[in-house]
Amino acid sequence: MITENELKENLEYVKGRILEAVKKSGRKEEDVKLISVSKTNPVEVLEYAVNAGVRVFGENKVQELVDKIDYFESKSMNDIEWHLIGHLQTNKVKYIVGRVKMIHSVDSEKLAAVIDAESAKKGVITDVLAEINIGDEESKFGVAFEDAVSFIEKIAVFKNIRVMGLMCIAPFVEDPEENRKFFSKMKKLSVDIQDKNIHNVNMCELSMGMTGDYTVAIEEGATMVRVGTGIFGKRDYSQKQ
Ligand SMILES: *Cc1c(COP(=O)(O)O)cnc(C)c1O
């Protein structure tokens with residue numbers, strides 16, 4: 001398990017590189033949000049992160065996410081933002097609506113409909129991103145790039161969700177430069193969709209970039225980067241979640 005000091009150092013390093021990328025691309029620091037991806041880490045480690053100033057966490061599994069939200073709520077720490085970044089099954093939507101700041105992984109009309117219905121039931125509006133499959137064969141989830149516009153038009157009709165932008169998971173590569181073309185394609189898509197002025201759609205967020213490639217993603221226009229390993233160290237999947 002990572003120590004509190006190691007985590008602090010990692011976090012400072014990541015923030016420094018984000019700042020460099022932001023400056024290099026002539027953007028503003030406040031235009032890029034760092035999402036600390038805490039999946040597989042125990043709550044003790046998340047507390048280290050909170051002590052170091054982290055207030056935005058990303059998780060990819062509903063049960064784990066809900067357990068962590070419960071834990072921090074039981075400690076009356078209510079200023080933490082939770083983002084669901086992993087694949088979401090429709091039968092689990094009810095556990096997270098009203099508890100998360102944003103769902104990054106909406107990739108079907110059916111899922112959007114269920115989030116909409118659950119949001120109506122709870123009297124909330126849920127912010128979502130459309131997950132786009134940027135074209136590599138390995139990724140199982142996400143709407144095909146070519147179908148992105150029609151998908152957004154379809155989910156825009158739901159009144160209890162707000163479409164805030166796009167998300168993608170780029171391929172795992174040794175050299176982050178290999179993913180630049182995907183990130184720039186995503187940025188262009190987001191601008192194209194914004195230009196269509198679709199009611200209830202505001203392409204203000206672009207969630208892309210992970211430990212291996214977040215600086216390149218920022219240079220290409222990411223507004224949210226999802227960094228796990230870079231902050232928390234290598235994940236240990238041997239522990240039961
Ligand atoms: C795990 C995960 C990340 C973080 O990955 P790292 O390479 O550890 O930074 C980002 N996005 C999603 C969707 C993830 O599941």
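**View 1. Strand β5 in the lining of the largest pocket.** Strand β5, residues 126-133, gives the most to the lining of the largest pocket, contributing three residues. The structure shown is a predicted model. In total, 31 residues line this pocket. Lying nearest the centre of the largest pocket are Lys 39, Ile 169, Ala 170, Met 210 and Arg 226.

**View 2. Space and residue classes in the largest pocket.** The largest pocket holds about 880 Å³ of space. Its lining residues divide by class into 12 nonpolar, 10 polar and nine charged. The ligand sits in this pocket.

**View 3. The shell around the ligand.** Eleven names are labelled in this view: the ligand is surrounded by Val 37, Lys 39, Ile 85, Ile 169, Met 210, Thr 211, Arg 226, Val 227, Gly 228, Thr 229 and Arg 235. Five residues of the shell are nonpolar, three are polar and three are charged. Lys 39, Ile 169, Met 210 and Arg 226 of this shell are also among the residues nearest the centre of the largest pocket.

View 4. In the side chain of Lys 39, an N or O atom lies 2.6 Å from an oxygen atom of the ligand. The side chain of Arg 235 has an N or O atom 2.8 Å from a ligand oxygen atom. On its own the ligand has 390 Å² of accessible area, and the protein covers 89% of it.

Terms used:
Residues numbered from 1 in each chain as written. Predicted model: local features only at pLDDT ≥ 70, side-chain atom pairs only at ≥ 80, totals over all residues. Heavy atoms only, no water. Near = heavy atom within 4 Å. Polar contact = N/O pair within 3.5 Å; in protein donor to acceptor, adjacent residues only side chain to side chain. Areas by Shrake-Rupley, 256 points an atom, 1.4 Å probe, with all protein chains shown as cover. 1 Å grid on protein atoms, 1.4 Å probe; cavity = no way out; pocket = protein on both sides within 12 Å on 5 of 7 lines; lining within 4 Å. Sits in = over half its atoms within 2 Å of the grid points. Nonpolar A, V, L, I, M, F, W, Y, C, P; charged D, E, K, R; others polar. Points joined across faces, edges and corners; volume = space filled by probe spheres on them. Helix = DSSP H or I, 4+ residues; strand = E, 2+ residues; numbered from the N terminus.
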